[in-house]
Amino acid sequence: MTEMSNRRLESRTAMDVDALRQSFLENLFYVQGRYPSVADLDDLYLAAAYTVRDRLLDRWIETAEKSYSSASTKMVCYLSAEFLLGPHLENNLVNLGIREEFHQAMRELGYDLNALIEREEEPGLGNGGLGRLAACYLDSLATLDVPAIGYGIRYEFGIFDQTIRDGWQVEITDKWLRSGNPWEIARPGRAVEVKLGGHTEHRRSVDGGLRVVWHPATVIMGVPYDTPILGYKTRTANLLRLWKSEAVEKLDFEAFNTGDYLGAVEEKVRSENLSKILYPNDGTASGRILRLEQQYFFTSCSLQDVVRAARRKAASLERLNESYAVQLNDTHPSIGVAELMRLLVDEECMDWDRAWEVTRKTFGYTNHTLLPEALERWPLPLFESVLPRHLEIIYEINRRFLDEVRVWDSTDHGRAARMSIIEEGHPKQVRMAHLATVGSHMVNGVAELHSELLRTTVLRDFAEMWPERFTNVTNGVTPRRWLLLSNPALSALINSRIGDEWTKDLRQLRRLEPLVEDADFRTAWRLVRSVSKQDLASVIERRVGEYVETTPMYDVLVKRIHEYKRQHLKVLHIVASYLRLKDAPEAEVTPRVFIFGGKAAPGYFKAKLIIKLIHSVAEVVNRDDDVAGRLKVIFLPDFNVTLAQHIYPAADLSEQISLAGLEASGTGNMKFAMNGALTAGTLDGANVEIRQEVGEENFFLFGHTAPEVQQIKAAGYDPRAWIDSHPLLRRSLDAISMGGFSRGDRGLFKPLVDDLVWDDRYMALADFACYMEVQDRIDREWSDVEGWTRKSILNVARTGKFSSDRSIQDYRERVWRV
């Protein structure tokens, strides 16, 4: 490289204020084609993004040269249907270590960097915890210098934007690509073909072996879009490769010339549907087909890319597992087991037994749910119509596997049926979790309780057959986004006392523990928390037009709206508290602001009705002078990463109240604790481990345990008995059902109340009494300001286990052996 080239490269990658300012102006002029006096806010944001991206690409190219092309390097390939990354600009500034320098460069040019940060469209490429976890893991993989590629789908329209009209959720299309995406680079030259439908032909090859040829009905192109993912304070920048579906031929020229203009682009429209939207509604046959095609599309693209990369670095496909570790993030990409077999056997002509050995050693499977309805099953007729060759492969995998089962256990004649990948019934179905389990060398749950329940319930037979294949990797979250970036005031206070080593080793926060007895530190802690609450209060006023004080307790429940997460239990607590205050208006109570947030699936009526109930209760409570200043209910619409960065630092109380045994792990619980909130929770998911880490005295436990839940249900759970035993619960339900929170409309919330009274699948009523008791205890402890502050400090100090860096280390040692 010439001296002039070196100087030019340095000018695009240097990190000082002058270089950043110059790069920004060059990108504004040469990339955006604008000059400062005519540039609008979008132009300025894009110029800032390209300026930062230049510095990411410098590191990504260096990483690719050193690691991606090396035959001796084992790569992690993380396959996930969701990557909920959040905004890029500020996160990349933090990871580059130039947030203050960039602020200064913008100030010198007369711009406000915060305004540019707020201008960024958040890519909604995920529905919640699954996608956010994947994003945290990408951050940690790069920070720990583990060569990795994340594979997913480049949804044109991500998770919907949520607005509220008359208390009801309304879905608005998420147009995150309206102004383009400056962080990605299209790679049309790396596109791959994906086959769908059609039929197979079995023929003899020249050497006499059996060969199968798949004659597809449709071929679709998968075009990769690459986004560099930078680690924190490291030169490593890994890759997120998202696939966009396109037609092989975008225009039928003959049809167009005959005037059939719609027919001319029919194939283009159909092909692009595969990456059009996150989680199409599968309530119709066409929706289910699209969902399966979507999952196969990105999985096939990704595995073809892995095989191509292995060839490029001269790695033997017969030892593919020595060069690549492929992790299946839940069941969405589990079709990859059959697809890799197809690629190795049909395309690479590898012997079946050798291909199966390679496949099993290559894959690891992470299970994220115990809910039966979330363990995907595909009806055989539908599956065969989309993936005829894969069904043949699955039949053969299953035949050989069941022979293995029968040899292992010849006494339990029902075991083969329970373990079969094919579920008997009308119609028969393909069990995708079973396929992933059979085709992976390791299976992990995502919290200690979840992994134990996985071994003893959902996948019990498999765990008994292969106990060595089951392990636990408790989820974690990146402290860079969820503390350093989201809570700069608290981060600065921590740094002033123990330094900043915690940003890459979260267990260093333990050094805060002695400061619990430092009165000045406790005062500073409360001041920092007040700053965060003022920030959230401003967000609430801007978004929903409600003024809230910062002195009350911020009691927060933000997560996907679902009956098992029991937002309706929280509402019952609010209604009961309201009724008690109406009975005794002069009573002294702890002032609380109840803050909700979360989206309901578009087709999930009861979840939408819960959102309506929250708003209806808020309408009554917030306008009643008897409780003014003591109770207030807020629902923040369109909960996403951007909003979460304001909420987690401001929460005083974190509500983690799902029925024990149903939440796999949760990660919001970790983010709250990491920012100093105390938890009110059941022994569910990672709550168990949070309580162990922070101390039982610093966690507000309530609710039946998972074994108790099973016992109660086995004995015949009758919610009416629990209603009869608690007069305040009955009054609360009556107040809702009699129209007290619906302007006299007794039918509005009847589906919710009837479900609770006659079924209550998630046992909200059974846990109501102990939930009220723990909330009364919380009120008492909140009044002890110094005591609460001590608990808040200890929650932060003891969250080191819940860093995603620790999770990735566990995967490296237990699953990937990287």
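**View 1. Contacts across the sequence of the protein chain.** Let's start with how the chain meets itself: in this predicted model, 76% of the contacts between residues at least 6 apart in sequence join residues at least 24 apart. The secondary structure behind this picture comprises 35 helices and 23 strands. The radius of gyration is 28 Å, close to the 28 Å from the globule rule for 818 residues, so the chain is as compact as a globular protein of that length. Along the principal axes, the C-alpha trace spans about 90 × 75 × 60 Å.

**View 2. Surface and charges of the protein chain.** Of the 818 residues, 61% count as buried. The chain exposes about 31500 Å², and carbon and sulfur atoms supply 50% of that area. As for the charges, the mean positions of the 103 positive and 119 negative ones lie 2 Å apart.

View 3. Zooming in on residues 631-636, we find a mostly covered strand, with six of its six residues buried. One side carries Leu631, Val633 and Phe635, all buried.

**View 4. Strand β19 alongside β20.** Which way do these two strands run relative to each other, parallel or antiparallel? Strands β19 (residues 592-597) and β20 run parallel, joined by six bridges.

Terms used:
Residues are numbered from 1 along each chain as its sequence is written. This is a predicted model: local features need pLDDT of at least 70, side-chain atom pairs count only at pLDDT 80 or more; totals for chains, interfaces and linings use all residues. Side-chain values use heavy atoms; hydrogens and water are left out. Helices (H or I, at least four residues) and strands (E, at least two) are DSSP runs, numbered from the N terminus. The radius of gyration is taken over C-alpha atoms; the globule rule is 2.2 Å times the number of residues to the power 0.38. Buried means under 20% relative accessible area, exposed over 50%, partly exposed in between (1.4 Å probe, protein chains only). Contact means heavy atoms within 4.5 Å. Accessible areas come from the Shrake-Rupley method with a 1.4 Å probe; for residues, only the protein chains shown count as cover. Lys and Arg count as positive and Asp and Glu as negative; His and the chain ends are not counted. The place of a charge is taken as NZ of Lys, CZ of Arg, CG of Asp or CD of Glu. Two strands pair if DSSP finds at least two bridges between them.
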